[in-house]
Amino acid sequence: MNPASGWPSRRSPVRTANIHHKSGASGRSRATRQGLCAVIRFENVGLRYDMGPEVLRDLSFEVKRQSFQFLTGPSGAGKTSLLRMLFLALKPTRGLITVLGRDASTLSRTDLPSIRRRIGVVFQDFRLLEHLSTYENVALPLRVRGREEASYRQDVIDLIKWVGLGERLHASPVVLSGGEKQRAAIARALIDQPDILLADEPTGNVDPPLARRLLRLFMELNRTGTAVVIATHDLDLMEQVAARRLVLSDGRLDIYD
Ligand SMILES: Nc1ncnc2c1ncn2[C@@H]1O[C@H](COP(=O)(O)OP(=O)(O)O)[C@@H](O)[C@H]1O
Ligand SMILES: [Mg+2]
C-alpha cells in the first residue's frame, strides 16, 4: 500500500476553508458556546444491557474536530459498545450525547441519516457485500443516497487507489485478503467525507507491518481534517504514535492527553 497523496489533499482546500471559518476570531467563541468544536460530546453517560449491570459508567469526554485518539482497554471493557454509542447505533441508558451540536436523544428518524453520514465507521467484521466488487462496495453509500454515478465515479476510484487497492477495483471481497478487506472497509467509511472516522480493532486481523501502514493511513486522513477514533488493544500500535488515549477499565474512562 502506498497511499498516493491525491485523494485527501484534493479535499483539503474545502476542509481548510471550513476549519478556518469555524476558528475565526469571532467564530471560535460562538462555535465553542454552541459546542460545535466537538464532533461528539458525552456527559455522564451510562450503559447497561437489559437488566444487567452497568457496563459503562459516568463517561464524560468529547471528540474534538480534527483530533486523533485511541480508545483502549482489555477485551470486554466496552470499546465496541462505546463506538456503537458514538455512531448512534446504541442509546445510552443515562446521560447526554451531543453530536455536531445536537442532543442525540432528540434526533428524529428523519434527522438520523444525515447526522450518521457525518460519521464513518469501520466495523470489526468489515461488513462488505460479497456480491459487489470493491468499487461497488465503496460507492454504495453514495448509490444508496441516489447520487448519479458520473458525479462520484472518479472520487471512488481515487479513494480506492489512495488506500492501495487500485489493482483490486473490480475484485469481489471474497478474493481479498484480510488486510485488503480492511482497506476496502476503510475506503467505504470515508467515501462520504465524514467529520469523524470510528474504527473497531482495525489492525486485529493484519500482520504488524500492515498494521503500521494502516496507522499511517489513519494519520494521513487525520491531517486532512477528519477526527479519528481507533479502538484497539494493540499496545505495539499505540506505541507508534503519541496520541490521546481514552482508556476503559471497570466501566470507567480515563483520558491521557
Ligand atoms: N448485545 C449485548 N448484550 C449484552 N451484553 C453485551 C452486548 N454487547 C456487549 N455486551 C457486554 O458488554 C461488555 C462490553 O463489551 P464490548 O463493548 O464488546 O467490549 P470490547 O469491545 O471492549 O471487547 C461485555 O461485558 C459484554 O459481554
Ligand atoms: Mg470490541
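Student: What makes you say how H3 lies relative to E1, E2 and E4?

Tutor: H3 lies across E1, E2 and E4, running at about 125° to E1. That angle is taken between N-to-C directions on a scale from 0 to 180 degrees, with axes as lines fitted to C-alpha atoms, for helices over the stretch in contact. Contact means that two C-beta atoms, placed from the backbone, lie within 7 Å. The helix and strand names are DSSP runs numbered from the N terminus (helices H or I, at least four residues; strands E, at least two). This is a predicted model, in which local features need pLDDT of at least 70 and side-chain atom pairs count only at pLDDT 80 or more, while totals for chains, interfaces and linings use all residues. Residues are numbered from 1 along each chain as its sequence is written, and chains are lettered from A and ligands numbered from 1 in the order in which they are written.

Student: How do you know that E1 and E4 are paired, and in which direction do they run?

Tutor: Pairing requires at least two DSSP bridges. E1 (residues 38–48) and E4 (residues 94–99) have 5 bridges and run antiparallel, so they pass that cut-off. Among the opposing residues are Arg 41 and Thr 98, and Glu 43 and Leu 96. Thr 98 also has Asp 103 in E5 as a bridge partner.

Student: Why are E2 and E5 said to stand at the edges?

Tutor: The open sheet has 4 strands in the order E2-E1-E4-E5, with antiparallel pairing. E2 (54–64) and E5 each have a single partner strand, so one side of each is left without a neighbour in the sheet.

Student: Why is Leu 165 called buried?

Tutor: A residue is buried if 20 or more other C-beta atoms lie within 10 Å of its own, exposed if 12 or fewer, and partly exposed in between. Leu 165 has 23 such neighbours, so it counts as buried. Leu 165 sits in the loop between H6 (149–162) and H7 (178–190), and the residues it touches include Glu 180, Arg 183 and Ala 184.

Student: What makes the shell around ligand 1 nonpolar, polar or charged, class by class?

Tutor: Shell residues have a C-beta atom, placed from the backbone, within 6 Å of the ligand. There are 3 nonpolar, 6 polar and 1 charged residues. Ala, Val, Leu, Ile, Met, Phe, Trp, Tyr, Cys and Pro count as nonpolar, Asp, Glu, Lys and Arg as charged, and the others, Gly among them, as polar. The shell includes Tyr 49, Val 55, Gly 76 and Lys 79, and its largest share, 3 residues, comes from H3 (residues 79–86).

Definitions and conventions: Lists of a residue's contacts leave out its neighbours within four places in sequence.
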